[in-house]
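Here are my notes for your first reading of this model. Please keep the structure open beside them and look up each residue as it comes up.

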Amino acid sequence: MTTNPMRAARKLLLAACASTTTTATATVIAIALLLLPASMPAAAATTTSTASKASPKKAKHAAKAKKPKASRIAAARADAAKDEASYAQRDDVIRFGIEVAERNGLDPAWVLAALSAARYQPSVVKYIMPPPAGTAKNWAAYRERFVEPRRIRAGVAFWRANEGWLLRAEDIYGVPPEIVVGIIGVETIYGEQMGNFRVIDALATLAFDFPAGRKDRSAFFRDELEQLFVQCHATSEHTGCDPLAQKGSFAGAQGMPQFMPGSVNKYAVDFDADGRIDLRESSADVIGSVAHYLAAFGWQRGQPTRYEVAVPVDASDRALLLVPDILPTFSAAQFAEHGARLPAEAQRHDGLLALVELQNGDAAPSYVAGTANFYAITRYNWSSYYAMAVIDLGEAVKRQIDAAR
Ligand SMILES: [Ca+2]
């Protein structure tokens, strides 16, 4: 991992981490800053222009100064330079790396070498932006994307190939096969689309260059970047991994279930007991990990995810029931008191419910009464549209499995 030119910086950084005084650490960071830019073979190997050695801002400025009248060419050059600019020169990144190593007992040279090889990815910034203002939410359109024949066929094949693991996961965690199958299908079509971004690039971009224009989530991505190092760190229990080799989505989610590094560390399980957790290749590990995740977020064995509901006619009653959004807050009796009508089975529901509204663009919204299990699915991805797509895809697959029995 570490190459010869890095030794000087490495020695200093190791000394910094051994030291307990912040003054010493700051001095060493300053010296390491001077050493690191010239000692990054990975950065040099992928560099094709001198501009890319400057910081993104400087590179953009330089490109503009050279070609003041050819702004489009300059912009393209600046983009390319930013694309290739590494994080090796940034003192905030180096400080972060040293802190991550200190907090987790990791080799600082290993952390810094990986961080310095991370690259800013403009497409990551583009994908993290919310849809344009005025884009109406549309459950019917959302559903069509995920509950469609190709994904259902893939789900049926996945279920048949892994039924033993699915039943075992239900036995241990209480989460039925159709929910696990629904999640893996919506996430990646059973491993077909696991993402081609380097996880470290995605996380570094969102941790250190989170775009203005939407709620700043850089703290979340800094935590996840830290967790990537924890995930890849070799221990006596597992062999570890190369943080530069992990691939995933634009947000840094990995494998068939698209777990963020923090979730890998907390909830992934070695379900086939082969001594390693593999969320890319082992369907068993994926199934066990998804079921474990939902169980950890309050899945209730044997409880449905939602009931049909006729919303109150009175607008103020309806508004009141919608206030807590997807958080189960009302008993079935309270639903009735406010004029929401539930089927007989739901009226006997032992637990709290949420009135979930799914907008359909200009058409009338759809509603369901979500249980604690509906809410548990939204802990996987914080969206009622997501949860409903998972449920509907899983049920569509289950119908085909049952029909063929
Ligand atoms: Ca395994």
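**Notes on the predicted model**

1. Ala273 lies in the loop between α15 and α16 (283-296), where helices (H or I, at least four residues) and strands (E, at least two) are DSSP runs numbered from the N terminus. Ala273 has a positive phi of about 55° although it is not a glycine.

2. Residues are numbered from 1 along each chain as its sequence is written.

3. Ile189 also has a positive phi, of about 50°, although it is not a glycine. Its place is in the loop between α12 (177-188) and β1 (197-198), and Ile189 counts as partly exposed because it has 17 C-beta neighbours inside 10 Å.

4. The protein has 21 helices and five strands, and buried residues make up 42% of its 405 residues.

5. Strand β4 (residues 354-360) pairs with β5 in the antiparallel sense over six bridges, where pairing requires that DSSP finds at least two bridges between two strands. Asn360 stands opposite Ala363 in β5, and β4 and β5 form a hairpin with two residues between them, with Gly361 in the turn having a positive phi of about 65°. Strand β5 (residues 363-370) also pairs with β3 (residues 306-308), again in the antiparallel sense, over three bridges, and here Arg306 stands opposite Gly370.

6. Which residues touch the most other members of the largest nonpolar core? Of its 92 residues, they are Val180, Ile184, Leu203, Ile287, Val290 and Val390, a nonpolar core being a set of buried Ala, Val, Leu, Ile, Met, Phe, Trp, Tyr and Cys residues joined through C-beta atoms within 7 Å. Helix α21 (residues 384-403) gives the most to this core, with eight residues. Leaving aside neighbours within four places in sequence, Val180 is in contact (C-beta atoms, placed from the backbone, within 7 Å) with residues including Leu166, Ile287 and Val290.

7. The buried residues of α14 include Phe221, Leu225 and Phe229, and what covers the buried residues of this helix includes α6 (91-104) and α13 (199-208).

Methods: This is a predicted model: local features need pLDDT of at least 70, side-chain atom pairs count only at pLDDT 80 or more; totals for chains, interfaces and linings use all residues. A residue is buried if 20 or more other C-beta atoms lie within 10 Å of its own, exposed if 12 or fewer, and partly exposed in between; C-beta atoms are placed from the backbone. Two residues are in contact if their C-beta atoms, placed from the backbone, lie within 7 Å.
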